[in-house]
Amino acid sequence: MTANPLKASARRVQTALAALGFGFEVREFPDSTRTSAEAAAAIGCAVGQIAKSLVFRARQSGRPVLVIASGANRVDEKKVGRLIGEKIGRADADFVRDKTGFAIGGVPPVGHAEPPVTLIDRDLLDFEEIWAAAGTPNAVFRLAPGELAEMTGGRTADVKTD
Ligand code: 5CA
């Protein structure tokens, strides 16, 4: 049996993961994994196990800020601002595509065009395994939460709204 070839954007993520020394398998689903809820339904996991990659823009420097949050949580922009020492604002779709190289709905935690400042939601550590987007609105890969910090160099923190 031959596996279906991955779409180009998903293949880029698979290649980026391999270059970082990770053997995770990018998987494409027939159903949408565009949102955390859809991804959880397609995979058959809890929404909290979806590691969503949210991109913000640092107000002063303009640098991209990546918050990898549990799909069950909302990100508190004030907390993130305090953690990185700079206020942030929501990124628009063009900023996301420009800085990450991927479209909203498929933004992966690694393999971005411009390396972002990265924060990881500590609630993700409650799970044995989590799933992250892999370049397209149908592609994800499974990993252990501790591996997120390792692969991104990001700091794990409390980033959610109370
Ligand atoms: N593939 C899924 C599960 S990993 C995924 O990427 N989910 S996500 O939550 O990380 O990506 C969607 C996120 O993009 C939303 O949570 C939202 O924060 C953001 N988003 C959606 N639409 C827009 C938009 N128009 N402008 C900026 N951000 C948006």
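How many residues of strand β3 (residues 64–70) are buried?

1. Seven of the seven residues in β3 are buried, and the strand is mostly covered. Buried means under 20% relative accessible area, exposed over 50%, and partly exposed in between (1.4 Å probe, protein chains only). Helices (H or I, at least four residues) and strands (E, at least two) are DSSP runs, numbered from the N terminus.

2. This is a predicted model, in which local features need pLDDT of at least 70 and side-chain atom pairs count only at pLDDT 80 or more, while totals for chains, interfaces and linings use all residues. Residues are numbered from 1 along each chain as its sequence is written, and side-chain values use heavy atoms, with hydrogens and water left out.

3. Strand β2 (residues 50–58) runs antiparallel to β3, joined by seven bridges; two strands pair if DSSP finds at least two bridges between them. Phe 56 stands opposite Val 65 in β3. The hairpin of β2 and β3 has five residues between the strands, and Gly 62 there takes a positive phi near 75 degrees.

4. Strand β5 (residues 117–121) runs parallel to β3, with four bridges between them. Here Val 67 stands opposite Leu 119 in β5.

5. In helix α2 (residues 36–43), the buried residues are Ser 36, Ala 39, Ala 40, Ala 42 and Ile 43. Seen down the helix axis, they fall within an arc of 165 degrees (directions from the axis to the C-beta atoms), so they line one face of α2. Ala 37 and Ala 41 are exposed on the face turned away from the buried side.

6. The buried residues of α2 pack against β2, β6 (130–133) and β7 (139–143), where contact means heavy atoms within 4.5 Å. Just after α2, Gly 44 takes a positive phi of about 85 degrees.
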